[in-house]
Structure formats: C-alpha cells, structure tokens
Amino acid sequence: MDYLYQAGKPNGKKFILLHGTGGDETSLVDLAKFLDADSTILSFRGKIEEDGMNRFFKRNGLNQFDFESLEKETDHLLEEIQTISEEKGIALEDWVLVGYSNGANIAAHLLLERETTLTKGIFFHPMSLEVHTQSFNLADKKVWASYGGKRDPIVSEASFAELVAAFRDRSADVTVVETAYGHQVSMDEVQNAREWLKE
Ligand code: MLT
C-alpha cells in the first residue's frame with residue numbers, strides 16, 4: 001500500500017491516518033498536526049479505486065458494502081501496519097487509529113473484528129458495517145467517535161448508534177460527540193478529539 005511516514009518528536013502521539021472516499025495519504029495530515037503538532041504520522045492511501053477515488057474497501061453503491069473486499073482489505077491493512085510498525089520500532093499499542101468516513105469504517109472494523117494490541121481510535125463520522133462475528137472483550141480499547149446527527153446524509157443515527165453499541169457491549173470505553181455539520185468534519189469536533197487525547 002502507498003503510505004506517507006513522518007517521524008515526529010519522541011513524546012508526540014503516533015497516528016495511523018485513514019482518509020475518506022476520494023482522499024489520499026495527505027488528506028488528514030493537517031488534522032493530525034492539529035491534534036498533536038509533535039505527532040508521528042503513518043498515513044495510508046486506500047488501494048481500491050472507484051471512479052478515480054481512493055477507498056479502503058469496495059462497495060457497490062452508497063453504503064452497499066462488498067464484505068469480501070472488506071475482510072480482505074482489513075487483513076491487508078493490519079499486515080501493513082504490523083510490518084511498518086516493526087520496521088519503525090513502534091509498538092502496536094502506541095498507535096492511535098485516526099479515520100474519516102470510509103477510513104474510520106475500516107479502522108473501527110479492524111478493532112471490532114481482529115484481535116490485536118491496537119487500542120485507540122478517533123473516528124470521524126463512522127457507521128456500522130453490520131458485521132458482528134467476534135465476541136472477544138474490548139476493555140482495552142478507547143474510542144472517540146463523532147457523528148453529524150440528522151443532517152448527515154450518509155451515516156444515519158441508527159447506524160452510528162449500532163456501531164457505538166458494538167463497542168460498548170464488549171466493554172470498550174467510547175466517547176461520543178454529535179456535530180451540527182452533517183458528514184463534514186468541523187473544527188469543534190477536532191478540538192474535542194484533541195482534548196480527549198490529552199486525558
Ligand atoms: C464513504 O463514502 O466513505 C461512506 O460514507 C463510507 C464508506 O463507504 O465506507
């Protein structure tokens with residue numbers, strides 16, 4: 001997978017960045033630097049192409065997900081993260097997964113469906129992919145997630161609620177933030193995520 005790696009200061013956060021549909025490895029860099037100016041960044045480009053737009057797994061129309069692709073690409077992403085983490089000498093538990101929309105969806109799926117020592121996620125406007133095949137405990141996971149309420153044309157309140165419940169039912173610590181700007185990421189929520197990271 002194509003990716004961008006930028007080493008930060010030793011005490012900075014370590015972010016894995018996963019863009020939304022149509023983005024690339026540069027899309028979330030400014031956001032990450034706002035979250036922590038000293039951060040180390042590992043930012044992936046989704047390798048699925050849909051009408052010239054990069055994504056992390058295939059779909060057959062809006063919110064019509066290709067589950068075979070989802071599982072394959074989740075495994076592939078995890079392998080990439082493991083390989084690069086070893087190369088760079090960064091423990092998996094030190095990373096914070098930061099994703100928006102399609103990137104948040106694959107990151108949340110990774111935490112819910114693969115047993116790993118990745119523990120933290122910041123998910124902007126994710127939704128449930130309605131895959132619940134695992135039951136291992138998520139008490140070691142800390143998740144911050146935002147949604148755009150009724151104004152979000154892509155993520156319904158019910159789908160967001162299902163995702164939050166999937167984490168909470170398995171004992172993850174989830175912080176939820178509702179925004180007023182639909183599917184767009186707003187400054188308010190980024191500030192909120194920054195405060196959450198400091199806790
Ligand atoms: C998107 O367009 O990125 C969707 O909202 C989420 C997805 O397809 O995973």
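**Entry 1: the sheet**

Before going on I noted the terms of use. This is a predicted model, in which local features need pLDDT of at least 70, side-chain atom pairs count only at pLDDT 80 or more, and totals for chains, interfaces and linings use all residues. Residues are numbered from 1 along each chain as its sequence is written, and side-chain values use heavy atoms, with hydrogens and water left out.

My helices (H or I, at least four residues) and strands (E, at least two) are DSSP runs, numbered from the N terminus. I call two strands paired if DSSP finds at least two bridges between them. Strands of a sheet pair through backbone hydrogen bonds, either parallel or antiparallel.

Strand S2 (residues 14-18) pairs with S6 in the parallel sense, over five bridges. I then looked up the link from S6 to S7. Strand S6 (residues 95-100) and strand S7 (residues 120-124) run parallel and are joined by five bridges. Val96 has Lys120 as its bridge partner in S7. Leu97 stands opposite Gly121 in S7.

What is the strand order of the open sheet? I read it as S1-S3-S2-S6-S7-S8-S9, seven strands with mixed pairing. Strand S1 (3-6) and strand S9 (173-178) are at the edges with a single partner strand each, so one side of each has no neighbour in the sheet. From one strand to the next, the twist averages 15 degrees. For angles, axes are lines fitted to C-alpha atoms (for helices over the stretch in contact), and values run from 0 to 180 degrees between N-to-C directions.

S6 is mostly covered, with six of its six residues buried. Which residues of S6 point one way, and which the other way? I find Trp95, Leu97 and Gly99 on one side and Val96, Val98 and Tyr100 on the other, and all are buried.

Next I checked Ala145, which is in strand S8 (residues 142-147). Ala145 is buried, at 3% relative accessible area.

**Entry 2: helix H3**

I tested the length of helix H3 (residues 102-113). Its twelve residues should span 16 Å at 1.5 Å a residue, and the end C-alpha atoms are 16 Å apart, which agrees. The expected span is 1.5 Å times one less than the number of residues. Is H3 enclosed or open? Twelve of its twelve residues are buried, so H3 is largely enclosed by the rest of the structure. Among them are Asn105, Ala108, His109 and Leu112.

**Entry 3: empty space**

Rolling a probe the size of a water molecule over the atoms shows where empty space is left. I worked on a 1 Å grid over the protein atoms alone: a cavity is a set of points where a 1.4 Å probe fits but cannot get out, a pocket is an open set with protein on both sides within 12 Å along at least five of seven lines, and lining residues have an atom within 4 Å of a point. Grid points are joined across faces, edges and corners, and a volume is the space filled by probe spheres set on the points.

I found one cavity of 30 Å³ or more. The largest cavity has a volume of about 70 Å³. H3 gives the most to its lining, with four residues. The lining also includes Met127, Glu130, His132 and Leu163. I sorted the lining into six nonpolar, four polar and one charged. Here Ala, Val, Leu, Ile, Met, Phe, Trp, Tyr, Cys and Pro count as nonpolar, Asp, Glu, Lys and Arg as charged, and the others, Gly among them, as polar.

The largest pocket holds about 200 Å³ of space. Of its 16 lining residues, Thr21, Arg59, Ser101, Ile154 and His183 are the closest to its centre. That lining divides into six nonpolar, eight polar and two charged.

**Entry 4: loop residues**

Most residues other than glycine have a negative phi, and most peptide bonds are trans. I noted Glu130, which is not a glycine but has a positive phi of about 60 degrees. Glu130 lies in the loop between S7 and S8, and is exposed at 57% relative accessible area. Ser171 also has a positive phi, near 75 degrees. Ser171 is in the loop between helix H4 (157-168) and S9, and counts as partly exposed at 40%.

Last, I looked up Gly52, in the loop between strand S4 (48-50) and strand S5 (53-55). Gly52 is exposed, with a relative accessible area of 57%. From Gly52 to Gly22 it is 7.6 Å, C-alpha to C-alpha, and 30 residues in sequence.

Notes. Buried means under 20% relative accessible area, exposed over 50%, partly exposed in between (1.4 Å probe, protein chains only).
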